[in-house]
Amino acid sequence: MKYDIKQLTLDEKLALLCGKDGWRLETANGKLPSVWLSDGPNGLRKRVKNEETGELTTVKATAMPNIHLIANTWDPELAYLDGATIADECLENDVDVLLAPGVNIKRTPLCGRNFEYFSEDPYLAGTLAKAYIEGVQSKGVGTSLKHYCLNNREFCRTCQSSEVDERTLREIYLPAFEIALQAKPWTVMCSYNLVNGVWASENKWLLQDILRDEFGYDGVIVSDWNAVRSGWRAVKASLDLCMPYRFNHFENVKTAYENGWLTEEEIDACITRLLAFMEKTQTQKQSVTTTKEQRHENAVKIVREGIVLMKNDDGILPLKQGNIFVGGGWFNTCNAYGGGGSAYVQSEYLPQPLHEQLAERLGDKANVFADVLPFMLRQEYELCSRADVAVLCVGTGKNIEFEGGDRTDIRLPIEQEEFIVNCAKRNPNTVVVLNTGSAIDVSAWVDKVKAVVLLGFAGEGGMEALADILTGKACPCGKLSETFPVCLEDTPTGSAHGNGFYERYDEGVFVGYRWFDSKEKQVQFPFGYGLSYAKFEYSDMQIKKLSETDYEVSFTVTNVGDCDAKEISQLYVRDVCAMVSRPDKELKDFVKTSLKAGESKRVSMNLNYRSFAFYSVPLKKWHIENGDFDILIGASSRDIRLQRRIEITLPETEQYTKTAL
Ligand code: BGC
């Protein structure tokens, strides 16, 4: 290896355990390269300080769709493309590590940062994060898989203890990390919160025992910014890098070393990992292969597949002709770029407003008009009532969904709800477009409108992709990566906001659709749901047994519509009768199939040991209980199209006693 630990003095090593400033690592008096870390998941956010004025500015970059929208594509190839696209901007700006992606599970829709996270389901979140990491790192730029772990609320994120039982931790909150780790992220970022009373940054059980020893992670563990309380305890737990610079970190670790609380071996273990990581930053860089324009095109391409058509009564969409009114204020603004905080990207791109884009695509057949001064209500209502179709763009944006705080409810701002209801009264053909980064309660207006389209925090490509979908230039194929409940009170944590001290995960493994399905609760739009302009039929399910716990599940999917389209099919497993409480069904695989109008394709998905197992705390391992399992193929979690039952029989010596006396 190029960088030899023996060249470093003890003081240089200790200094290396903490950042040099906000974003850089120390260089051991020039013996090591300068390494720069920058946010974030939705595009590059490089903060630069003007050395003369001290002023901080953000480098302009391509605003990519936010992670929640990537998740709605259910497409690892697009997640990879997203990562590789952002990495090119990192290369152009001398950034060595992108501080992304975040795979925290969406436990409550209130979490202010859900737009930065993939899903309520760990398998979906982990699979897409893995692809995203592979995309970034294919360019020789590192990633930071974050926030490890249990940072599922923003409220008091730096002081609250997440109190969780081990089975829930293993089944819901760790698997997304476990799966994403297959891509070997150069760094993993610990979270701010405590886990069962011990700070995540110094939690040896989480960092050393689970992440390193069990999951085999040998890269760098970096703290979230200012998440380290006690420097030496963090080092002892195997946290390598405390970020950003802290004036007392060096002294704290040195004193601990002198007191014998920390050994040189423990310090060297961190330094060895840091040196290997620094080496990668110098040896793996690839060249930039995209132009700024191509990066924008990639952004549009991804959004097109992440838009979810939630309602489309009477086939009102795609728009074809006539007088079309566009209103609501969220169609000609940059606000829709993303949620607030460290993930917010500053783009130079000025999107062409939606009404102009629709007019271009529809040509002479349509007359598209807009009120460019949004919420001039009298005028908007008048224009709305004169139109054949009214397209209303509403949303939340970075002032409502942001890092560091949670929402207090999940409805749209009241004036927007009233606007929709009043427009719908004047125009029966109302289409609502949602610029929201997380699930919302739509019950006040959803029955009054003809169509609902979830755009999401789409970044700079949003309006182009949306215009393609609304006019049928592209067929919608996104599906929901999180449940839209009827109301907040229906969710596992209800309207509770946290008490600032601890957060009990009392709902256990019943998170997201696992909760709603097991409780048989009505939902507004289920997990995995999304409409298309085409229709799909599922047939001829086959299950091929490869071993007692490995199966190939295949079936035929046919596009019976009259346009080319894509369908996301989902494979769920239900343990029919278990000795522990298990969710009604759990996602174990998914596949997206591209089908021309009238075309059929045979597709297959796979099941393995983990697909059937739960985490047994007494056995300290994943365990399959012999018996029947339902294998379910769905167009959504609530639209199961094909199903078969299989029986698994493992040797009796691997089983508990199941019968009562
Ligand atoms: C966030 C991280 C981010 C870091 C650096 C923290 O506040 O939680 O996700 O990477 O800041 O901006």
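The backbone here is worth a look: phi of Asn 196 is near 45°, a positive value in a residue other than glycine. Please keep in mind as you read that this is a predicted model.

Ala 28 also has a positive phi, of about 50°, although Ala 28 is not a glycine. You will find Ala 28 in the loop between helix H1 (10-16) and strand E1 (37-38). Is Ala 28 buried or exposed? Its relative accessible area is 4%, so Ala 28 is buried, given that the cut-off for burial is under 20%.

## Two cis peptide bonds

Most residues other than glycine have a negative phi, and most peptide bonds are trans. Against that background, the bond that joins Ala 100 and Pro 101 is cis, with omega at about 5°. Pro 101 sits in the loop between strand E4 (97-98) and H4.

Another cis bond leads from Tyr 148 to Cys 149, where omega is near -10°. Cys 149 belongs to the loop between strand E5 (142-148) and strand E6 (161-163).

## Three domains

How is the protein divided? There is a domain 1 (5-283), a domain 2 (292-525) and a domain 3 (536-654). The centres of domain 1 and domain 2, taken over C-alpha atoms, are separated by 31 Å. Where these two meet, 67 residues of domain 1 are in contact with 74 residues of domain 2.

Gln 286 lies in the loop between H10 and helix H11 (292-306). With 44% relative accessibility, Gln 286 is counted as partly exposed. Leaving out residues up to four places away in sequence, Gln 286 touches Leu 91, Ser 138, Lys 139 and Gly 140. In sequence, Gln 286 and Lys 139 are 147 residues apart, yet their C-alpha atoms are 5.0 Å apart in space.

## Nonpolar cores

Inside the protein, the largest nonpolar core is made of 114 residues, and those with the most contacts within this core are Leu 37, Tyr 148 and Phe 277. Which helix gives the most to this core? Helix H4 (residues 122-137) does, with eight residues. To picture the surroundings of Leu 37, set aside residues up to four places away in sequence: Leu 37 then touches Trp 23, Leu 25, Val 97, Leu 99, Trp 225, Leu 241, Met 243 and Phe 277.

A second, separate core holds 65 residues, including Ala 366, Cys 393, Val 431 and Cys 475. Ala 366 is also a neighbour of Ile 324, a residue of strand E12 (residues 322-327). Ile 324 has 0% relative accessibility and therefore counts as buried. Beyond its neighbours within four places in sequence, Ile 324 is in contact with a set of residues, among them Leu 319, Leu 362, Val 368, Phe 369 and Val 391. The C-alpha atoms of Ile 324 and Glu 380 are 12 Å from each other, and the two residues are 56 places apart along the chain.

Rolling a probe the size of a water molecule over the atoms shows where empty space is left. How many cavities of 30 Å³ or more are there? The count comes to six. The largest cavity has a volume of about 100 Å³. It is lined by 14 residues, and the closest to its centre are Lys 106, Arg 107, Pro 109, Glu 120 and Thr 483.

This lining divides into five nonpolar, five polar and four charged residues. Domain 1 (5-283) and domain 2 (292-525) both contribute to the lining, so the largest cavity lies between them.

Of its 33 lining residues, Pro 175, Glu 178, Ile 179, Gln 182 and Arg 610 are the closest to the centre. Elements that give two or more residues to the lining include H4, helix H6 (175-180), helix H10 (264-283) and strand E23 (586-595).

By type, the pocket lining has 15 nonpolar, six polar and twelve charged residues. Why is the largest pocket said to lie between domain 1 and domain 3? Domain 1 (5-283) and domain 3 (536-654) both give residues to its lining, so the pocket lies between them.

Terms used: Residues are numbered from 1 along each chain as its sequence is written. This is a predicted model: local features need pLDDT of at least 70, side-chain atom pairs count only at pLDDT 80 or more; totals for chains, interfaces and linings use all residues. Side-chain values use heavy atoms; hydrogens and water are left out. A nonpolar core is a set of buried Ala, Val, Leu, Ile, Met, Phe, Trp, Tyr and Cys residues joined through side-chain atoms within 4.5 Å. Buried means under 20% relative accessible area, exposed over 50%, partly exposed in between (1.4 Å probe, protein chains only). Helices (H or I, at least four residues) and strands (E, at least two) are DSSP runs, numbered from the N terminus. Contact means heavy atoms within 4.5 Å. On a 1 Å grid over the protein atoms alone, a cavity is a set of points where a 1.4 Å probe fits but cannot get out, and a pocket is an open set with protein on both sides within 12 Å along at least five of seven lines; lining residues have an atom within 4 Å of a point. Grid points are joined across faces, edges and corners, and a volume is the space filled by probe spheres set on the points. Ala, Val, Leu, Ile, Met, Phe, Trp, Tyr, Cys and Pro count as nonpolar, Asp, Glu, Lys and Arg as charged, and the others, Gly among them, as polar. Domain bounds come from an automatic or database domain assignment.
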